[in-house]
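My notes follow the display.

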Amino acid sequence: ALMITDECINCDVCEPECPNSAISQGPEIYVIDPNLCTECVGHYDEPQCQQVCPVDCIPHSPDHAETQDQLMAKYQRIHGG
Ligand code: SF4
Ligand code: SF4
């Protein structure tokens, strides 16, 4: 899963791009639910939020490192595949 750092400027462009509705506005900055973020595996070749973030503040979460197979399994769990 990816994560949003405190460099987030709350611009809101990432939230509607997420195919898994994993992004939401938190108390101070936007946040990614690691249970829903598949790094866009199953939907797109590249993480869509990273593509649109103007300040490049969406890195991989070191606490949620996952393989492609794990991400695909998450995609199938979320979308009922
Ligand atoms: Fe959503 Fe994809 Fe960003 Fe994860 S990488 S939060 S699934 S847009
Ligand atoms: Fe924050 Fe980047 Fe999302 Fe904008 S696109 S809300 S700066 S994480």
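**Notebook: helix end, a buried Asn, the ligand shell**

I looked just past α2 and found Gly-80 with a positive phi of about 70°. Helices are DSSP runs of H or I of at least four residues, strands runs of E of at least two, both numbered from the N terminus. The model is predicted: local features need pLDDT of at least 70, side-chain atom pairs pLDDT 80 or more, while totals for chains, interfaces and linings use all residues. Residues are numbered from 1 along each chain as written, chains are lettered from A and ligands numbered from 1 in written order, and side-chain values use heavy atoms, without hydrogens and water.

I read the order of elements as β-β-α-α.

Next I checked Asn-20, in the segment before β1 (23-25). Asn-20 is buried, at 8% relative accessible area (buried is under 20%, with a 1.4 Å probe and protein chains only). I found its side chain in a 3.4 Å polar contact with that of His-43 (N or O atoms within 3.5 Å, one able to donate a hydrogen and the other to accept it; residues adjacent in sequence count only if both atoms are side-chain atoms). Beyond four places in sequence, Asn-20 also contacts residues including Leu-36 and Ile-78 (heavy atoms within 4.5 Å).

Asn-20 turned up again around ligand 1, with Cys-18, Cys-37, Cys-40 and Cys-49 also among the surrounding residues (a heavy atom within 4 Å). I noted nine nonpolar, two polar and one charged residues in that shell. Cys and Pro count as nonpolar, Glu as charged.

Last, I noted that buried residues make up 33% of the 81.

Conventions. Buried means under 20% relative accessible area, exposed over 50%, partly exposed in between (1.4 Å probe, protein chains only).
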